[in-house]
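Subject: Structure for your review

Dear colleague,

Please find below the structure that I am handing over to you.

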Amino acid sequence: MGKRWKMNGGAILSGLFLVLLVLTSVGNTYWNSGDVSQTILMKDEDGTISAPPFPPSKDFWLGTDEKGYSLLGRAIEGAKWSIGITVLIAFLRTFFAFWIGMGMTYVPKWLYKKLEALFDSFSILPLTMVAFVILESVLLVASGTTPAPFYQRAGFEVLVLVILVLPPLSFYMANETELIKDREFMDAARVLGGSGRHQMWRHIMPHLLPVSGVMFIQQFVQTLIIFLHLGVLGLFFGGTMVFMGPDGPEIESISQEWSGLIGANFRYIVSHPWIPLVPIGFYTVTIIAAQTLLKRIEGRTEKRSSL
């Protein structure tokens, strides 16, 4: 038991952290209507009245932003988007790459080579910049205007972030499938008269599923990083609200997801560093948890492939 916990404890704790964070976020939306506590003014013991932002303290564990909203509350509320949507995108990428990649192994070799050469450039595309150019006109929402519904903006962003990586992922999965087909046990299956369907379901898919698990975690981390890059560039998931503030144009995240909290508040990194550092901290811990899961899955996959 102790040995097993030593091997899997980090992965178990990482998975529990991500699940509990998402469940807490969904619970806050369901039971608390997604509200986050806000403190406009606070009176000290000596009678001094202070205004936000408030630094981390016993009253505000992680501090507040410039509007007095609890940063812990905002981070928890945004977790369902930051983690949930990232899981969805990673799943869709892996799911479609899995089936497209397997299907491509039945394409004639000459056509496969031409398609591979055609889509090879997708692997070196600056994904963040391409996504930014496509999404900018859709996600930027000027205050006072009537934008498209949230689900349409969010759905379009998910679609773009899935399609942009499908070509290289599909070819990667196709190459992995070819490697499995060339192994000795596949030769034995063919000699013994196994049909193509039998070979696919009984031999190829069981060996591809662990590879898909690794791909899923990799895409989860990559999607988080892309969201972070887009957030720094001012494009937040579901839309960026642009309005005129006292010091000029300001931006705000509509969904309160973490990359939006970072992008909208990064200007406070010097004056009030805790404001951007809180969502950055949640981002960092989430990526570390995902990497811990990835290392464990990779270890099990390597062990299985060596058998």
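The notes below begin with the chain as a whole and then turn to particular helices and loops.

Please bear in mind that this is a predicted model. The chain has 307 residues, of which 42% are buried. Its secondary structure consists of eleven helices and five strands. The accessible surface is about 16,800 Å², and carbon and sulfur atoms hold 67% of that area. Among contacts with a separation of 6 or more, 71% are between residues 24 or more positions apart.

The pair α5 and α6

Two packed helices are described by the angle between their axes and the distance between the axes. For helix α5 (residues 127-139) and helix α6 (residues 150-163), the angle is about 175° and the axes are 10 Å apart. An angle over 145 degrees counts as roughly antiparallel, and α5 and α6 are therefore roughly antiparallel to each other. On the α5 side, the residues in contact are Ala-131, Ile-134, Leu-135, Val-138 and Leu-139; on the α6 side, they are Arg-153, Phe-156, Glu-157, Val-160 and Leu-161. Eight of these residues are nonpolar, two are charged and none is polar.

The length of α6 can also be checked. The buried residues of α6 include Arg-153, Glu-157, Val-160 and Leu-161.

Helix α3

Thr-94 is located in helix α3 (residues 84-104). This residue has a relative accessible area of 8% and is therefore buried. Leaving aside residues up to four places away in sequence, Thr-94 touches Ser-212, Met-215, Phe-216 and Gln-219.

Most residues other than glycine have a negative phi, and most peptide bonds are trans. Which two residues does a cis peptide bond join? They are Pro-52 and Pro-53, with omega at about 10°. Pro-53 belongs to the loop between β2 (49-50) and α2 (71-82).

Gln-256 has a positive phi, near 65°. This residue lies in the loop between β5 (248-253) and α10, and it is buried, with a relative accessible area of 17%.

Helix α10

Yours sincerely,
A colleague

Definitions and conventions. Residues numbered from 1 in each chain as written. Predicted model: local features only at pLDDT ≥ 70, side-chain atom pairs only at ≥ 80, totals over all residues. Heavy atoms only, no water. Axes fitted to C-alpha atoms, helices over the stretch in contact; angles between N-to-C directions. Helix = DSSP H or I, 4+ residues; strand = E, 2+ residues; numbered from the N terminus. Parallel < 35°, antiparallel > 145°, perpendicular 65-115°, else oblique. Contact = heavy atoms within 4.5 Å. Nonpolar A, V, L, I, M, F, W, Y, C, P; charged D, E, K, R; others polar. Buried < 20%, exposed > 50% of the residue type's maximum accessible area, 1.4 Å probe, protein only. Areas by Shrake-Rupley, 256 points an atom, 1.4 Å probe, with all protein chains shown as cover.
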